[in-house]
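These are my notebook entries on one protein chain. I set down what I looked up, entry by entry.

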Amino acid sequence: MREMDYARIGMRIRQVRKVKGWSQNELAKKCSISMSFLGHIERGTRIMSLETFANICVALDIGADELLWGVAHPSDTVLDLYEPARQETESVKKEADNYSMYVRIMKSVAEIMNEA
């Protein structure tokens, strides 16, 4: 498992903030934190809560993976979390398709028997 590098996370937050042309005060207000605390986050000297991190991601309109790891795509771990749900959905769909086919066959058999 990778270890969190808070200084790098803070550096990435600062970079995105600056690209947007925002001051620390502007971002801090959008995230409902103090400018002083944001400064600490950007320097990596204080650890933010998950709620604050999520607020920063939303305010900057950037994915968590990009701020955490410097990559702009979902992590394999996140995709793996959704795999069981996707498989279950496919299984339910397959069962529904099988049931629909069974109903169509039974209707056809009933029609044939009514004609005879």
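Leaving aside its neighbours within four places in sequence, which residues is L38 in contact with? I found I13, R17, Q24, L27, A28 and I33, where contact means heavy atoms within 4.5 Å.

**Entry 1: the basis of the values.** I note that this is a predicted model, in which local features need pLDDT of at least 70 and side-chain atom pairs count only at pLDDT 80 or more, while totals for chains, interfaces and linings use all residues. Residues are numbered from 1 along each chain as its sequence is written, and side-chain values use heavy atoms, with hydrogens and water left out.

**Entry 2: the chain as a whole.** I looked up the secondary structure and found six helices and zero strands in the protein chain. Both are DSSP runs numbered from the N terminus, helices being H or I with at least four residues and strands being E with at least two. Along the sequence the pattern reads α-α-α-α-α-α. I then looked up burial: 24% of the 116 residues in the protein chain are buried. Buried means under 20% relative accessible area, exposed means over 50%, and partly exposed lies in between, with a 1.4 Å probe and protein chains only. Of the contacts in the protein chain with a separation of 6 or more, 55% are between residues 24 or more positions apart.

**Entry 3: L38 again.** I placed L38 in helix α3, residues 35–43. Is L38 buried or exposed? L38 counts as buried because its relative accessible area is 0%. I also looked up M48, which is ten residues from L38 in sequence and 9.0 Å from L38 in space, C-alpha to C-alpha.

**Entry 4: α1 against α3.** Two packed helices are described by the angle between their axes and the distance between the axes. Helix α1 (residues 6–19) packs with α3 at an angle of about 120°, and the axes are 5 Å apart. Axes here are lines fitted to C-alpha atoms, for helices over the stretch in contact, and angles run from 0 to 180 degrees between N-to-C directions. On the α1 side I listed Y6, A7, G10, M11, I13, R14 and R17, which meet L38, I41, E42 and R43 in α3. By class, this contact of α1 with α3 has six nonpolar, one polar and four charged residues. Ala, Val, Leu, Ile, Met, Phe, Trp, Tyr, Cys and Pro count as nonpolar, Asp, Glu, Lys and Arg as charged, and the others, Gly among them, as polar.

**Entry 5: α2 against α4.** At what angle do the axes of α2 and α4 cross? For helix α2 (residues 24–31) and helix α4 (residues 50–60) I found roughly 115°, with the axes coming within 9 Å. In this contact L27, K30 and C31 of α2 meet N55, I56, A59 and L60 of α4. The classes in the contact of α2 with α4 are five nonpolar, one polar and one charged.

Entry 6: L27 is in helix α2, and L27 is buried, with a relative accessible area of 0%. Beyond its neighbours within four places in sequence, L27 is in contact with I13, R17, W22, L38, A59 and L60. I13 and L27 are 14 residues apart in sequence and 9.9 Å apart in space, C-alpha to C-alpha. A59 belongs to helix α4 and is buried at a relative accessible area of 18%. Setting aside residues within four places in sequence, I found A59 in contact with W22, L27, K30 and C31. T52, also placed in helix α4, counts as buried at 11% relative accessibility. T52 touches I33, F37 and I41, not counting residues up to four places away in sequence.

**Entry 7: charges over W22.** I found the charged end of K20 over the ring of W22, 5.6 Å from its centre. K30 lies over the face of W22 at 4.6 Å from the ring centre. A charge sits over a ring if NZ of Lys or CZ of Arg is within 6 Å of the ring centre and within 35 degrees of the ring normal.

**Entry 8: positive phi.** Most residues other than glycine have a negative phi. S32, in the loop between α2 and α3, has a positive phi near 60°. S32 counts as exposed at 68% relative accessibility. D61 lies in the loop between α4 and α5 (64–69), and its phi is positive at about 55°. D61 is exposed, with a relative accessible area of 67%.
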